[in-house]
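Hi there,

Here is the structure I promised to pass on to you. Have a look at it first, and then read my notes below.

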Amino acid sequence: MSFKIDRGLFKYDFIDYHAILCVPVDADVKEIRKRYLQIARRLHPDSNLTESAAQKQLGNELLSKLVNPAYEKLTGDRTRTEYIIILSQIGKRLEQESTSVTLNTDLARQLAQAPNLAHFYKSAIAKLAQTQYDSLEQVLQVIAQVSELNLVYLMRSADKSSTAPPHAQPQVNSDTPHPNTAKNTPSAPAPPKEDSVIEQYVRRAQSLIGKNQFAQAKVELQDALKLEPKNSRCHSLIAMVYLKQNQLKMAKIHFDNALKLDPNDETALQWKPKIDKALGQQHGDHKVTSSPNNKDKQPDKSGSGGLFGGLFGGKKK
């Protein structure tokens with residue numbers, strides 16, 4: 001049996017794996033795995049003892065041909081990174097072609113106009129996920145509906161130059177409003193701009209850094225760099241985290257990367273020379289460890305003093 005979907009992102013010759021699993025396009029691996037296990041339990045033949053043989057076969061085919069490939073694509077490091085990059089490119093393309101985009105569901109039209117894009121989008125996805133695989137005969141229709149939501153979300157997220165909702169709403173009827181009506185109708189307030197996925201990672205990382213939770217901040221920035229390896233800001237921030245953890249070599253690597261991508265990165269320009277100096281001192285100390293006077297030259301490993309002491313000092317946010 002072949003499963004053909006021709007709405008949402010599928011319409012653009014793209015397999016929307018997020019729609020198949022009914023997770024947001026910015027879902028992390030933990031969230032994706034949790035959702036996959038829910039669906040797998042529902043579709044596995046051994047879990048459906050009361051269903052007919054035809055239903056079991058359909059569930060097994062949905063699991064093997066749609067759900068399993070989606071999970072593998074979204075959890076593999078390389079495939080996930082490539083997939084997210086393509087998603088970003090599609091979002092930009094859709095934003096440019098928004099006038100020709102047709103939406104088929106009321107929910108997608110509502111999302112296109114929603115002032116709080118992220119909240120409406122994630123709430124709608126979560127609600128659809130509750131019943132997505134309840135009726136196996138309706139699964140493809142639900143996937144198509146989720147993919148339309150993903151399409152609208154990507155299109156609006158890519159539109160960073162304008163705060164107005166996209167003009168991709170299909171015509172509900174053929175009536176043309178009177179010109180005077182359009183002039184006299186007050187314009188709706190512009191919705192707040194939504195952060196990109198990378199900006200959300202950076203914001204969370206900065207908050208964790210402010211709380212001295214450097215391990216968690218590093219995880220956020222590593223995930224961001226998987227999505228956008230050439231983001232100089234992320235390289236600079238994760239270098240600062242490594243710096244605070246006294247992992248000077250790793251800090252140097254990321255500061256080097258930041259400067260390659262942005263030679264004017266102020267943080268990298270400020271700290272890289274100091275790291276080079278500290279690494280040189282460490283190298284010199286290793287050669288003359290028998291001299292008691294050299295212990296004053298050792299970099300401070302307490303994380304609160306020495307050359308890099310007080311880097312994130314002051315009151316915690």
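Helix α4 covers residues 77-96, and its 20 residues should span 28 Å at 1.5 Å a residue, which agrees with the 29 Å between its end C-alpha atoms. The expected span is 1.5 Å times one less than the number of residues. Helices here are DSSP runs of H or I with at least four residues, strands are runs of E with at least two, and both are numbered from the N terminus.

Before you go further, please note that this is a predicted model, where local features need pLDDT of at least 70 and side-chain atom pairs count only at pLDDT 80 or more, while totals for chains, interfaces and linings use all residues. Residues are numbered from 1 along each chain as its sequence is written, and side-chain values use heavy atoms, with hydrogens and water left out.

Back to α4. Its buried residues include Tyr83, Ile84, Leu87 and Leu94. "Buried" means under 20% relative accessible area, "exposed" over 50%, and "partly exposed" in between, with a 1.4 Å probe and protein chains only. What do the buried residues of α4 pack against? Their partners are α1 (17-21), α2 (29-43), α3 (53-75), α7, α9 and α10, where contact means heavy atoms within 4.5 Å.

Of the 20 residues in α7, 16 are buried.

In soluble globular proteins, nonpolar side chains tend to be buried together. In this model, the largest nonpolar core has 85 residues, and Ile20, Val67 and Ile143 have the most contacts inside it. Helix α7 gives the most to this core, with eleven residues. Such a core is a set of buried Ala, Val, Leu, Ile, Met, Phe, Trp, Tyr and Cys residues joined through side-chain atoms within 4.5 Å. Leaving aside residues up to four places away in sequence, Ile143 touches Ile5, Phe10, Ala19, Ile20, Leu66, Gln132 and Tyr133.

Zooming out, the protein has 13 helices and zero strands. Buried residues make up 43% of its 317 residues. Among contacts between residues at least 6 apart in sequence, 69% join residues at least 24 apart.

Next, the second largest pocket, which holds about 220 Å³ of space. A pocket is an open set of points on a 1 Å grid over the protein atoms alone, where a 1.4 Å probe fits and protein lies on both sides within 12 Å along at least five of seven lines; lining residues have an atom within 4 Å of a point. Its volume is the space filled by probe spheres set on the points, which are joined across faces, edges and corners. The lining has 14 residues, with Asp26, Ala27, Asp28, Tyr201 and Arg204 nearest the centre. Both α9 (197-210) and α10 (214-227) supply at least two lining residues each.

Gly76 sits in the loop between α3 and α4 and is partly exposed, at 24% relative accessibility. Asp13, in the segment before α1, has a positive phi of about 55° although it is not a glycine. With 79% relative accessibility, Asp13 counts as exposed.

Happy exploring!
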